[in-house]
Amino acid sequence: MRTQTEIGSLLDWVEEMRVRVREIVREWDDQEGNLIMMLHAVQNEFGYISRGVAGVLAKETGINMARIYEVITFYHYFRLTPPGSHSVQVCMGTACYLKGAQKLYDELAQQLQLMEAAGGRQGDVQLETVRCIGCCGMAPAVVVDSETHGRLCPGDILQFLKRKQEARHGS
Amino acid sequence: MIQEAAMIRAKINGTPIEVPEGTSILDAARKAGVRIPTLCKHPDLLPTAACGLCIVKVAGQERMPRACATMLQPDMEIITHDGELTRIRRTILELILSTHPNACLTCGRNGNCELQTLLGEFGVRDDRLEKYLRDVPPDHSNGSIIIDFAKCITCGRCVRTCQEIQNVWALSMLNRSINTRMAPAGDILLADSPCIKCGQCAAHCPTGAIVEHDETATVWEALRDPEKYCSVQIAPSVRVALGEEFGYPPGTNLTRQIYATLRRLGFHAVFDTNFSADLTIMEEACEFVQRFVHGKGPLPLITSCCPAWTDYMEKNHQDFIENFSTAKSPQQMLGVVAKTYYSEKMGLDPAKHFQVSIMPCTAKKYELERTDEMFASGHQDVDVTLTTRELARMIKQSGLVFREMPEEDADSPLGEYSGSGTLFGATGGVMEAALRTAHYLVTGRNLAPDAVNILPVRGLEGVREAEIDIEGTAVRVAVSHGMANVGKVLDKVRAARERGEDPPYHFIEVMACPGGCIGGGGQPYGISDEVRRRRMAGLYADDQGCARRFSHENPAIQRIYKEFLGEPLGEKAERLLHTRYHPRKSYLR
């Protein structure tokens, strides 16, 4: 159960979110053709596009939720869930794919699931695939928190993440 | 004057053809007696070139254009069918099959699926390609229609029907490329979406991905229960469409054959929704006169017998709730008088009276429990709604040879109807029927025989406006069908409201489905404007052939008011025959 103060601050947050979305909509003239620009602005603001935020955007612009979801699921760029505190992007370009990127991704996904099951925080590590990042020579390439690494195995990546997490909590 | 399109000449498979400019190769070929296969193009929708089956060869061109989205040009020489095209089309079908479960035997579209038919015609005999199936469970959240995502071939017909024809936006196409999938707006349950249950998605789906919620088993169960007294009603538009399931052309009026069949299925009493359509008209025309002549209540009066429309209005046009006719739909009126008046007359226990309605409509299933007022008899007034398609299935299960059924009458008194009652099934019909009776209520005289047919409200144009003269006073009316059309009509009323002017219309009829109920989401498959016109013609002929053309002249209607209901809009009529509307949320999530 939430306390009064928690509910109060939640309501404040919702109100602030509404105000901010309204500003973004005004900035882009309320035009359906500007939906993508508004979505970019919304994602920059909130880190991702939650259902609640999409709902406010729909209400403010008169664009249907169906259309908003068609757009945000079509473009890889838009996130529907909160970003994790760490991101792991596995490149699925042709070279990386041939060098086993899919297997790497599957194994990583499995390991992360196990970690979560063992008490790790959900969404702590954001695992996703990306199109070619131009590092074919390092295939399979993986970007961990915007640092690019090549030819790693799942164990290496998990070790690396663990060190980063320790460093962060240590400081 | 409408300028006629210029004609162009071309050749299809060597045969010279002349068609108006702007005709697609697909349509031109059809005129030349050639059917080009397609799974995404529907006559109601603009082409999207999604499936790729309709590719053709054009002399002098390397690429093979899609016939649905390519307009015939002068002097084009088209090849629509040859060995190579057949091979390519078979490969496309195999690709579609690779993402489709082989579940035909237990599918709701078994026997009338467009994909199944084409696979059969092209002789596809094995799964040559590796299967890539969607592992998404079906959505049973909505009591009217069921979505089985695994069977979706992403042709996009349902999505465009929902968004463009109906302006409902309950369905969307998510993701891209091989992961593209249809889902209720933003991946929620259909029941939590803005869905109005009209079923137009199901009527346009080429496969079994969207089907009506089949309740035939519940009805069979009731029919074999010796404790139950089962009665049934058939809606106006069912009589001119059911025959299509048994090889009759669209529009064949089979009313009396259907009565006989229903009796042989085991129903104890066979009623006609046309009777209660007359009853709805009595209440609604009185409401109109109250508002129009006596100024009691806001104008325009808006019809409310279409449950998909009332759901849409409660979600999207809440500023018009006061304008709605409170008269219940014919389905609900028949249910309540069957369980009160008829049960009393026959000495039946209403608790054991089981009332089934045969409707062209999936939203009617939702209407059964829409509000507490749908239980005005003290029981659920109508127990089960079956669509026309479900009734056809029941008849086939029963072994009855429909084409050999005799003609019989419905049971008195809830089976007698006037020509006005039967009009309800076509867009403009409720308006026409109500105006006939309103004219009588205001002037004390019927419309002259040459004015009974109110032609300006008939037709298939999305919005039709007319002015009808009632003793020197012009009644301004509008008729709208296809849910996307209603916005324009209501915006006109809103604009007048803002300017403080008289409303542009006094009376508005709205039906969710294009064509009205004859084009309902529960009708036999294969809808097009041509089919709509023929079904409508069947109803207009039924009206024309009726000895009585006015609801207020139906003797059974006069009797029920005298013996049971009292006056239209009286205390008892209000309690049993009226309902209220409430704002609802479009999204429950």
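Domain bounds come from an automatic or database domain assignment.

View 1. Chain A is divided into domain 1, residues 4–74, and domain 2, residues 86–170. Taken over C-alpha atoms, the centres of domain 1 of chain A and domain 2 of chain A are separated by 30 Å.

**View 2. Confidence along the chains.** The mean pLDDT of chain A is 85, and 93% of its residues score at least 70. Within chain A, helix α4 (residues 65–74) has the highest confidence, at 94. Helix α7 (residues 154–170) of chain A has the lowest, at a mean of 77. Where pLDDT is low, predicted coordinates should not be read in detail. Chain B averages a pLDDT of 96, with 99% of the residues at 70 or above. For the complex, the predictor gives an ipTM of 0.88 and a pTM of 0.91.

**View 3. Helices α1 and α2 of chain A.** Two packed helices are described by the angle between their axes and the distance between the axes. The axes of α1(A) (residues 4–27) and α2(A) (residues 35–46) come within 9 Å and cross at roughly 150°. Angles over 145 degrees count as roughly antiparallel, so α1(A) is roughly antiparallel to α2(A). The crossing of α1(A) and α2(A) is right-handed. From α1(A), the contact is made by Arg20(A), Val21(A), Ile24(A) and Val25(A). From α2(A) come Met38(A), Ala41(A), Val42(A) and Glu45(A). Six residues of this contact between α1(A) and α2(A) are nonpolar, two are charged and none is polar.

**View 4. Helices α8 and α14 of chain B.** The axes of α8(B) (residues 273–292) and α14(B) (residues 429–443) come within 9 Å and cross at roughly 60°. That angle makes α8(B) oblique to α14(B). The crossing of α8(B) and α14(B) is right-handed. On α8(B), the contact residues are Ile281(B), Met282(B), Glu284(B), Ala285(B), Cys286(B), Phe288(B) and Val289(B). They meet Ala433(B), Ala434(B), Thr437(B), Ala438(B), Leu441(B) and Val442(B) of α14(B). By class, the contact of α8(B) with α14(B) has eleven nonpolar residues, one polar and one charged.

**View 5. Where chain B touches chain A.** Ten residues of chain A are in contact with twelve residues of chain B. On the chain B side, strand β6 (residues 171–174) gives the most, with four residues. The side of chain B that touches chain A has six nonpolar, four polar and two charged residues.

Note on methods: Residues numbered from 1 in each chain as written. Chains lettered and ligands numbered in written order. Predicted model: local features only at pLDDT ≥ 70, side-chain atom pairs only at ≥ 80, totals over all residues. Contact = placed C-beta atoms within 7 Å. Helix = DSSP H or I, 4+ residues; strand = E, 2+ residues; numbered from the N terminus. Nonpolar A, V, L, I, M, F, W, Y, C, P; charged D, E, K, R; others polar. Axes fitted to C-alpha atoms, helices over the stretch in contact; angles between N-to-C directions. Parallel < 35°, antiparallel > 145°, perpendicular 65-115°, else oblique. Left-handed = near helix turned anticlockwise from the far one by under 90°. pLDDT = per-residue confidence, 0-100.
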